[in-house]
Number of protein chains: 2
Amino acid sequence: MINKLVDKIKKTEAPIVVGLDPMLSYVPEHILNKAFDEYGKNLEGAAEAIWQYNKGIVDAVYDLIPAVKPQIAMYEQFGIPGLIAFKKTVDYCKEKDLVVIGDIKRGDIGSTSAAYATGHIGKVVIDGQTFRGFDEDFITVNPYLGTDGIKPFADVCKEEKKGMFILVKTSNPSSGEFQDRLIDGKPLYEHVAKKVVEWGADVMGDSYSYIGAVVGATYPEMGKVLRELMPKSYILVPGYGAQGGKGKDLVHFFNKDGLGAIVNSSRGIIAAYKQDKYSQFGSEAYADASRQAVLDMKEDLKQAIR
Amino acid sequence: MINKLVDKIKKTEAPIVVGLDPMLSYVPEHILNKAFDEYGKNLEGAAEAIWQYNKGIVDAVYDLIPAVKPQIAMYEQFGIPGLIAFKKTVDYCKEKDLVVIGDIKRGDIGSTSAAYATGHIGKVVIDGQTFRGFDEDFITVNPYLGTDGIKPFADVCKEEKKGMFILVKTSNPSSGEFQDRLIDGKPLYEHVAKKVVEWGADVMGDSYSYIGAVVGATYPEMGKVLRELMPKSYILVPGYGAQGGKGKDLVHFFNKDGLGAIVNSSRGIIAAYKQDKYSQFGSEAYADASRQAVLDMKEDLKQAIR
């Protein structure tokens with residue numbers, strides 16, 4: 001799957017992943033009203049609204065981008081109906097041949113990590129028949145529990161030729177509280193990065209490993225160091241746009257071949273129609289605003305990486 | 001909810017939480033066959049089997065214990081049907097007046113952590129009406145992202161009078177890879193523990209905070225230090241039984257008042273009938289074996305704490 005991701009990034013010339021992190025407050029009224037009319041003003045109605053909203057965006061941008069990253073929390077907040085909308089979104093994006101990165105930030109130990117891996121990138125076999133719970137292509141994973149927590153995910157990645165991005169340095173202001181603390185003279189995130197390289201060496205694709213890393217756009221200097229520490233790991237970069245990261249901050253996240261990083265934008269694309277810059281589209285044409293925002297982001301990144 | 005947990009621990013004289021972490025291989029054949037006959041040999045059938053298995057155990061032990069801890073990964077592996085079984089289990093345990101600790105180990109930042117908190121311990125309000133996605137009483141949370149990741153959970157805990165246990169020192173063999181590394185002369189888990197105290201000070205119950213910590217039974221010496229560092233934090237202790245922790249290892253996890261810790265056992269109780277010690281019960285009476293295992297664990301802990 002890492003090979004497919006790299007191929008699609010080359011073909012689209014867009015190292016971009018659109019974060020499908022819908023909030024009810026982003027959903028235009030015409031979609032919201034229709035969903036509530038059909039399903040009621042309840043969790044089912046809310047879930048239908050975010051699914052229809054997602055579908056509109058995916059239809060408008062799928063030919064421009066290699067991948068999407070649905071954030072499962074935004075669906076999980078609506079309980080079972082929300083998780084059904086998550087599954088519909090994953091399945092629909094795969095129909096559109098997009099690479100799907102499930103932003104699930106799971107992490108546990110032994111059989112529990114194995115169960116998460118089974119549910120999201122693996123399969124259940126019952127009496128010789130195969131079933132898949134959610135079936136994303138990549139997932140994000142938290143490293144706090146160490147190798148015991150990662151190994152079961154890596155085993156499933158290997159078997160299924162899928163992948164994961166491990167949290168190394170997150171984009172938020174307080175990420176330094178633990179991640180930046182010095183251990184033997186090096187910050188914790190560098191120790192995690194070294195483990196990412198070690199874990200990833202066993203599951204190599206053609207040019208990059210099945211195991212990548214998450215490093216926030218908001219920390220470009222650290223991105224530079226981490227790029228060099230993990231030459232064969234794809235870096236998933238959140239924090240562009242709404243969180244403050246700019247195109248020019250991102251240049252060091254890429255390798256000299258112009259590859260090695262994929263930049264996420266969520267709100268900046270899916271709720272583009274709410275920005276002054278794209279307000280001419282209006283809420284009915286919210287998906288066209290998202291398409292324009294992808295094109296603008298592609299240009300911004302192109303300028304930066306050049 | 002921390003007050004209710006402490007009250008129930010006092011009443012039952014059992015600082016025990018039963019981990020409802022069902023694996024299909026634990027489910028007795030008579031339950032499995034019935035579920036597959038009714039729902040088919042598929043995810044729905046598997047989910048029905050683990051729900052019926054859980055229900056049998058809960059019916060057999062609910063009067064002995066204060067709390068249960070369903071591990072969501074074991075349900076999530078079966079996709080949507082599995083998560084429906086998780087919800088049924090949570091709801092049923094609450095009907096039985098058990099405190100429900102959702103072992104979900106979520107953790108993200110800002111609006112994403114807020115969404116997880118909404119889904120598991122909070123509520124969605126649509127047009128003045130309130131809906132709850134999963135509605136556990138406590139959850140477990142990963143601290144790697146720092147205060148930004150914890151604050152949204154703490155806000156919901158405060159509003160809903162619910163609680164969380166933050167991973168401090170996990171029970172697995174490789175937990176030391178990052179958690180034990182020295183920062184300014186102290187292991188990372190102590191730095192996390194200090195933050196747990198800081199975060200918890202703002203959400204105090206009568207004698208303990210809404211915010212507790214997870215510390216593995218497999219590290220008793222560290223448990224002793226952490227007990228002293230976090231005097232007002234309840235400690236959720238996994239790793240007893242199947243993972244190797246024994247009653248006598250647990251004494252230091254408790255405060256002098258005999259409170260302050262709640263010890264989890266999963267496989268050791270829910271799959272007790274598979275142990276030689278309880279084999280006389282047989283698979284039909286698996287739940288009676290679980291009841292006996294709870295009684296034995298209660299006695300083991302009583303001896304240790306005395």
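Reader: Which residues point one way from strand E2 (residues 67-70) of chain B, and which the other way?

Author: In this predicted model, B:Ala67 and B:Lys69 point one way from E2(B), while B:Val68 and B:Pro70 point the other way. In a regular strand the side chains alternate between the two faces of the sheet. The four residues of E2(B) are all buried; the label asks for 20 or more other C-beta atoms within 10 Å of a residue's own.

Reader: What makes strand E1 (residues 16-20) of chain B and E2(B) a pair?

Author: Happy to set that against the rule. Pairing needs at least two bridges found by DSSP, and E1(B) and E2(B) have four, in the parallel sense. One position to look at is B:Val17, which stands opposite B:Ala67 in E2(B).

Reader: And how do you know that E2(B) pairs with strand E3 (residues 99-106) of chain B?

Author: The cut-off is at least two bridges, and E2(B) and E3(B) have two, again parallel. For B:Val68, the bridge partner in E3(B) is B:Val100.

Reader: Moving to the whole chain, why is chain A called as compact as a globular protein of its length?

Author: Its radius of gyration is 19 Å, and the globule rule gives 19 Å for 306 residues, so chain A is as compact as a globular protein of that length. Chain A holds 12 helices and 12 strands, and its C-alpha trace spans about 60 × 55 × 35 Å along the principal axes. Buried residues account for 59% of the chain.

Reader: What makes you say that the same surface serves both copies?

Author: Of the contact residues of chain A, 100% recur in chain B. The contact joins 54 residues of chain A and 54 residues of chain B. On the chain A side these are 25 nonpolar, 20 polar and nine charged residues.

Reader: Lastly, how confident is the predictor in chain A?

Author: The mean pLDDT of chain A is 95, on a scale from 0 to 100, and 99% of its residues reach 70 or more. The model scores ipTM 0.96 and pTM 0.97.

Definitions and conventions:
Residues numbered from 1 in each chain as written. Chains lettered and ligands numbered in written order. Predicted model: local features only at pLDDT ≥ 70, side-chain atom pairs only at ≥ 80, totals over all residues. Contact = placed C-beta atoms within 7 Å. Nonpolar A, V, L, I, M, F, W, Y, C, P; charged D, E, K, R; others polar. Buried ≥ 20, exposed ≤ 12 C-beta atoms within 10 Å, placed from the backbone. Rg over C-alpha atoms; globule rule 2.2 N^0.38 Å.
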